[in-house]
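Please open the model in a viewer and keep the selection panel at hand. The stops below are given in the order in which they may be selected.

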Amino acid sequence: MRSNWFRRYSILPGFWGAFGLSTLYLSLVVLVPLSAIFLKSASMTWPRFWGAVTSPAVMASYRLSFGASLGAALVNAVFGFLVAWVLARYSFPGKKLVDALVDLPFALPTAVAGIALTTLYSENGWVGRRLSVWGIHVAFTPLGVLVALIFIGLPFVVRSVQPVLEDADREIEEAAASLGAGRWQVFSRVIFPLVRPALLTGFAMAFARALGEYGSVVFISGNMPMRTEITPVLIVAKLEQYDYAGAAALAVVMLAASFVLLLAINLLGSYSRKYMEAR
């Protein structure tokens with residue numbers, strides 16, 4: 001009876017109505033703009049397209065973009081897990097403030113983050129001045145790109161892992177300890193298998209976010225060709241030179257990489273849900 005009543009009086013459209021509206025919205029917001037990129041790049045001949053996406057400067061930007069994004073995601077996977085563990089398992093003064101600060105990269109404009117990081121890590125900055133004594137230079141180097149990508153990617157790992165740790169049954173850990181398991185055994189055989197799907201999801205999201213980052217990197221990197229120039233910066237440079245086809249060609253490559261990463265995120269999310277249901 002309730003199902004029939006809901007079907008008759010529901011203010012929401014049925015499947016075909018909701019599906020049609022969703023498809024129309026996604027087409028206008030996502031599919032049409034992305035199709036324009038493919039159509040623009042299709043105006044190039046294959047040799048020209050291949051030359052545009054494999055030139056030495058572009059290959060150097062790929063190495064920096066993918067390498068720094070992967071490195072930042074790995075760092076965030078480790079330290080993001082530690083931050084999530086502290087927030088989920090311990091109570092301490094200022095915990096709510098720390099929990100709010102984790103989301104700061106979400107709310108902070110990326111250009112503001114880039115300026116702040118450049119100010120801190122430049123040769124005259126509060127942190128950069130002390131690091132330069134040890135011969136470590138951050139601003140206007142590939143290391144600066146890595147620092148910026150770590151900054152914007154940390155919340156993805158923390159917010160993926162923290163809910164899993166908070167919902168984990170502590171009695172399982174206590175039972176393992178009562179049976180003689182050491183701390184490392186409890187972690188490796190009880191805790192880590194539980195959070196692994198969420199950790200992989202956070203890692204993939206941080207990697208995908210770092211791959212497309214522009215605002216926080218453009219200041220601290222210095223945009224030196226063949227050294228600190230990431231692919232999004234190179235796309236903007238081509239647009240400023242009115243090389244729209246070349247910019248579209250690079251955008252197609254980055255779009256393909258992003259699509260693969262998003263597909264991996266969805267598969268990891270599906271695996272995570274099935275794993276949690278099985279447990």
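Begin by selecting K238, which counts as buried at 17% relative accessibility (buried means under 20% relative accessible area, exposed over 50%, and partly exposed in between, with a 1.4 Å probe and protein chains only). This is a predicted model, in which local features need pLDDT of at least 70 and side-chain atom pairs count only at pLDDT 80 or more, while totals for chains, interfaces and linings use all residues. Residues are numbered from 1 along each chain as its sequence is written, and side-chain values use heavy atoms, with hydrogens and water left out.

A salt bridge is here a side-chain nitrogen of Lys or Arg within 4 Å of a carboxyl oxygen of Asp or Glu. D243 is partly exposed, at 23% relative accessibility. The structure holds 4 salt bridges. Side chains of opposite charge can pair when their charged atoms come close.

Next, select E213 and R209, whose side chains form a salt bridge of 2.4 Å, N to O. Is E213 buried or exposed? At 2% relative accessibility, E213 counts as buried, whereas R209, at 28%, counts as partly exposed.

Move on to R159 and D99, where a salt bridge joins the two side chains at 2.8 Å, N to O. This pair links distant parts of the chain, 60 residues apart: R159 lies in helix α9 and D99 in helix α5 (residues 95-102). Helices are DSSP runs of H or I with at least four residues, and strands are runs of E with at least two, numbered from the N terminus. R159 is partly exposed at 24% relative accessibility, and D99 is partly exposed at 27%.

Finally, display helix α4 (residues 56-89) with helix α9 (residues 142-167): their axes come within 5 Å and cross at roughly 40°. That angle makes α4 oblique to α9; angles under 35 degrees count as roughly parallel, over 145 as roughly antiparallel, 65 to 115 as roughly perpendicular and the rest as oblique. Axes are lines fitted to C-alpha atoms, for helices over the stretch in contact, with angles from 0 to 180 degrees between N-to-C directions. Colour the contact of α4 with α9 by class to find 22 nonpolar, 6 polar and 2 charged residues (Ala, Val, Leu, Ile, Met, Phe, Trp, Tyr, Cys and Pro count as nonpolar, Asp, Glu, Lys and Arg as charged, and the others, Gly among them, as polar).
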